[in-house]
Amino acid sequence: MNHQLLDPPIRNKESFLGDSLRIEGIPVQGYEQVLRVTDKKSGLKAIVAIHNTSLGPALGGVRIQPYTSFEAALEDALRLAKGMTYKSAVASVGFGGGKSVIIADPKVQKTPELLSAFGRGVEQLGGNYICAEDSGCTMEDVRVIRRATKYVVGLPNAKSSGDPGPFTAWGTFRGMQATIKRLFGTDSIEGKVVAVQGLGNVGSHLIEYLFWAGAELIVADLDPVKTAEAAHKYGAKVVPVDQILGVPCDILAPCAFGGIINDDTIPSFRCRGIAGSANNQLLRDFHADKLSARGILYAPDFVINAGGLLNVSAELEEAGYQVALPRYKVHHIYDTLLAIYEIAEKNRESTHASSLALADYRIRYGIGKRTVLPVFHHTAT
Ligand code: NAD
């Protein structure tokens with residue numbers, strides 16, 4: 001059965017939904033559906049971007065951030081949604097790419113009413129977009145959204161897959177091992193200097209795995225409590241946030257936010273490889289070539305950070321969530337990356353270009369396309 005048999009979604013047109021929720025389409029070239037979702041009562045201002053559903057319904061997190069403008073929010077949603085298409089295609093999960101952003105300060109503007117209005121908007125899409133946690137949106141927030149729609153994953157309950165962070169971190173760790181193998185001929189992390197930017201949901205787990213594998217850690221985070229803990233528990237050297245990208249190290253692991261590989265930062269990198277979890281690390285595609293020219297090996301973000309996606313998508317299997325399956329798949333991010341490194345060398349192109357080509361090929365020929373509908377086992381409690 002094809003995912004398109006789900007309830008027909010709202011196509012790019014205005015829609016008034018009885019209550020104060022309003023959904024209107026924004027035509028964007030190259031995207032299947034981009035929707036502005038607003039609700040006067042709760043103050044919701046959100047964008048849902050569905051990039052491509054050739055391989056299955058769009059799946060992607062909800063980012064809650066106080067964007068400076070609607071345009072900035074839209075740009076972020078579009079970039080993130082496209083990245084999810086590539087991530088899903090390479091990870092072969094039978095999903096497409098989508099993402100949503102809510103324009104709000106998660107510390108003060110995130111109310112149950114706002115999340116519930118967002119959930120009602122997602123429900124209107126009839127399963128064409130499935131949401132999960134992301135920056136500014138916690139598992140508890142997803143639980144609130146779940147009261148308004150079943151089209152969510154990553155809930156803190158027994159029928160769901162829970163926090164994707166540790167899985168993303170393990171995939172990043174395995175991808176880092178592949179990067180080290182390619183650079184040094186051994187995948188041992190013992191004694192390697194790893195600089196980690198951002199000790200959040202992913203970075204905090206990553207440094208734990210790295211510590212036990214024998215890495216020497218250098219870390220930075222805006223939150224001094226997190227860096228103090230890293231220094232105490234794992235002997236990490238703490239550096240100011242404006243210095244982490246330029247510290248001498250074997251591997252730089254960006255785990256905070258996107259766009260950190262750009263014209264300004266590339267000349268200052270003093271690492272052999274970049275392998276981190278952040279989405280959209282390259283400001284523009286051509287920055288991958290600039291990295292290659294500097295001899296820095298780059299683990300494409302949408303390949304190395306697929307661990308969380310592999311975990312949340314496992315809960316939609318007909319048999320329900322069984323943790324051994326995503327563990328197996330996340331472990332093999334190592335092999336996928338080694339293969340990409342080989343292809344890139346053979347084709348004399350950047351690792352980013354090889355990964356994009358792999359994703360495009362899979363999408364074009366329907367490789368890994370979903371053949372059964374996702375099953376939502378979780379309940380609203
Ligand atoms: P998070 O919000 O939990 O953590 C981000 C951390 O970065 C925070 O501790 C924050 O204080 C820190 N930070 C912010 N600005 C910083 C700066 N200038 N310098 C240093 N640190 C800074 O996010 P997360 O869930 O850990 O995700 C990290 C990155 O990985 C994000 O780009 C996210 O999109 C991506 N990602 C996460 C997952 C997941 O499973 N959580 C999956 C795929 C990709």
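This is a predicted model: local features need pLDDT of at least 70, side-chain atom pairs count only at pLDDT 80 or more; totals for chains, interfaces and linings use all residues.
View 1. The domain assignment of the protein places domain 1 at residues 14–146 and domain 2 at residues 165–356. The C-alpha centres of domain 1 and domain 2 are 26 Å apart.

**View 2. The interface of domain 1 and domain 2.** On the domain 1 side, 17 residues are in contact with domain 2, which contributes 18 residues. About 1400 Å² is buried between domain 1 and domain 2, and carbon and sulfur atoms give 64% of this area. The residues of domain 1 that lose the most area to domain 2 are Arg79, Lys87 and Val90. Together, Arg79, Lys87 and Val90 make up 41% of what the domain 1 side buries.

**View 3. Polar contacts and salt bridges across the interface of domain 1 and domain 2.** The rule finds 4 residue pairs in polar contact across the interface, with both residues of a pair at pLDDT 80 or more. For salt bridges between domain 1 and domain 2, the count by the rule is 0.

**View 4. The side of domain 1 that touches domain 2.** Two or more residues of this side come from each of the elements β5 (58–65) and α1 (70–91). The element that gives the most is α1, with 10 residues. By residue class, the side of domain 1 that touches domain 2 has 9 nonpolar, 2 polar and 6 charged residues.

Conventions: Residues are numbered from 1 along each chain as its sequence is written. Side-chain values use heavy atoms; hydrogens and water are left out. Domain bounds come from an automatic or database domain assignment. Contact means heavy atoms within 4.5 Å. Buried area is the accessible area (1.4 Å probe) that two parts lose on being put together, summed over both. A salt bridge is a side-chain nitrogen of Lys or Arg within 4 Å of a carboxyl oxygen of Asp or Glu. A polar contact is a pair of N or O atoms within 3.5 Å; within protein, one must be able to donate a hydrogen and the other to accept it, and residues adjacent in sequence count only if both atoms are side-chain atoms. Helices (H or I, at least four residues) and strands (E, at least two) are DSSP runs, numbered from the N terminus. Ala, Val, Leu, Ile, Met, Phe, Trp, Tyr, Cys and Pro count as nonpolar, Asp, Glu, Lys and Arg as charged, and the others, Gly among them, as polar.
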